[in-house]
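Please look through the structure shown here with care, one region after another. The paragraphs that follow are meant as a guide for someone meeting it for the first time.

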Amino acid sequence: MTSYTVSHTVCSVHYMTPGTDNHELFENLRLELRRGSLVLAVLAALRKEHYGYTLRKTLSERGMAIDEGTLYPLLRRLESHGLLVSEWREEDKRNKRFYKLSADGKEMLKQLLTEWQGINSSLNGML
Amino acid sequence: MDLVDSYVKAVAKALPEGQRDDIIGELSEDIRSEMEDKQQELGRPLTEEEQEGLLRQRGNPLLLAARYRQDQKSVAFGRQIIGPVLFPFYVKVLSFNLGLTFLVVAIIFTALAVSGQKVGFNDILSTCLLQLFIQLSVVTLIFALVERHLTKHPDRWHVKGMGGKFRLDLNIERDIQLGIGSNFREVSRFESLSIIVACAVAIGWMTAVQNFPILILGPAAAFLKLAPIWYQIYFPIAALTALEIVRAIINLVRPDWVRFRSYYGVFVQAAGLVIVYFLIKAGHWVEAANSGASGAVNFASTVEIINQVFLYALVGTAVFSGVMILIRVMRLVRQSHGHNGPAGVGARAKEGN
């Protein structure tokens, strides 16, 4: 089961019960659901080195659009936990900050992916 | 300064200082990369409106900056009154106000102690608590109103009018006292509203002090009173503050009257300097409350010390006002030489005005 199926299921449940409150509730639940997935998506995308903008584009192209107000604070948090390493480098005559997974980050990604797959198969069994 | 710099600077103002440069470098790079992509897609440079549109998509600079903050503190009584976005500014303004108030209280009590008057712990405590209550109530009320406005209208901000000094920075006191901000193409309606509230509170407080000097003198009001000069200058100061409210209302209706505010700023500063001149000329600013000979003798040295402190403060204020007038006039002259657009009051301000 992918994140798409999860959000699609929540979406179907939502449309069964009309009303603005439900729409708001759906939005909150959807965001909650996405939040956990975003960390995984960012870590996975950073197996390859990226700077902020290309990372944002990559995620968007893969269906995980994220605004910069969410991405950059998240990158900072992940870096402060030692999961990412970053360096400022000049590219195309502009200074850019490049991020990639640290050794700890690679290990964490492995563990999280195992967890994610476990959750997916459990949910698949239930749905 | 281009729109991107303007936007980025507005974000920077609300960022924690330690991370500011880093975040700003990255944010600026992200915006420019996005604009370059868009330009390539369109095959031409972006118009100012298109650039503005991209920046607006990123949202209110204050809200964006708040997302970088790890400390999400807020003030809540049952429900949230001041959220994490405004909380750092709230603490800053409150600390400044309380610091200044306690400094005045400390000066009064030190003067009393030095001149041999008995200063009780209870007197100090009750004065400090009263001031704390007043400041806390007023500042919290103002920020609660601002928070309400921000929550209701998160999209009410101007890209064009920021000039690196986004008007939701909420340093209300600084804006009122220094009147910084003639470098905008529009006066933010939020700023105008803040000034109206702050000036109304100031007039209320000044009027209350007239009848209840204890609000400023604390327990020393039992044996000290304000000199007549304060009652004489009450109306000029109140009128000047009321005029500031009128100016803010005008700018609320016509935010594009930027030069009107600049000229008015010079007028207010000059009028303030005249008031300070008359204050200095008065020679004394507090006197013994007991008009009898014994009262005057008992508190003579207290009165002298406090008056001395007032003199230093007023001279400092006069010098500061003089410098500010000079800066404002120079800025206005530079602007009128540097721009070919209409310069008169009411003219639509040009970029960088």
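Leaving aside neighbours within four places in sequence, Arg76(A) is in contact, meaning heavy atoms within 4.5 Å, with Arg97(A), Tyr99(A), Gln19(B), Asp22(B), Ile23(B), Glu26(B) and Tyr68(B). This is a predicted model, in which local features need pLDDT of at least 70 and side-chain atom pairs count only at pLDDT 80 or more, while totals for chains, interfaces and linings use all residues; side-chain values use heavy atoms, with hydrogens and water left out. Residues are numbered from 1 along each chain as its sequence is written, and chains are lettered from A and ligands numbered from 1 in the order in which they are written.

Arg76(A) has its place in helix α4 of chain A, where helices (H or I, at least four residues) and strands (E, at least two) are DSSP runs numbered from the N terminus. With a relative accessible area of 12%, Arg76(A) is buried; buried means under 20% relative accessible area, exposed over 50%, and partly exposed in between, with a 1.4 Å probe and protein chains only. The C-alpha atom of Arg76(A) is separated by 9.6 Å from that of Ser86(A), which is 10 residues away along the chain.

The buried residues of α4(A) include Leu71(A), Tyr72(A), Pro73(A), Leu74(A) and Leu75(A). Just after α4(A), Gly82(A) takes a positive phi of about 80 degrees.

Beyond neighbours within four places in sequence, Asp104(A) is in contact with Gly82(A) and Leu83(A). Asp104(A) is placed in helix α5 (residues 103–126) of chain A, and it counts as exposed at 51% relative accessibility. Although Asp104(A) and His81(A) are 23 residues apart in sequence, their C-alpha atoms are 9.2 Å apart in space.

Chain A as a whole has 5 helices and 3 strands, which follow the pattern α-α-β-α-α-β-β-α along the sequence. Of its 127 residues, 34% count as buried, and residues 24 or more positions apart account for 47% of the contacts in chain A with a separation of 6 or more. In this chain Arg89(A) lies over the face of Phe98(A), at 4.1 Å from the ring centre; a charge sits over a ring if NZ of Lys or CZ of Arg is within 6 Å of the ring centre and within 35 degrees of the ring normal.

Tyr264(B) and Phe267(B) form a tilted pair, 5.8 Å centre to centre with 55 degrees between the planes. These two residues, Tyr264(B) and Phe267(B), are 3 residues apart in helix α11 (residues 258–282) of chain B, so they are separated by about one helical turn. Tyr264(B) is buried at 12%, while Phe267(B) counts as partly exposed at 42% relative accessibility. Both belong to one aromatic cluster formed by Trp257(B), Phe260(B), Tyr264(B) and Phe267(B).

Confidence in the prediction deserves attention too. Chain B averages a pLDDT, the predictor's confidence in each residue from 0 to 100, of 76, and 80% of the residues score at least 70. Over residues 161–184 of chain B the pLDDT is below 50, although this stretch has 82 contacts in the model beyond near neighbours in sequence. Where pLDDT is low, the predicted coordinates should not be read in detail. The model scores ipTM 0.71 and pTM 0.52.

Methods. Rings of Phe, Tyr and Trp (its six-membered ring) pair if their centres lie within 6.5 Å; planes under 30 degrees apart count as stacked, over 60 as edge-to-face and the rest as tilted.
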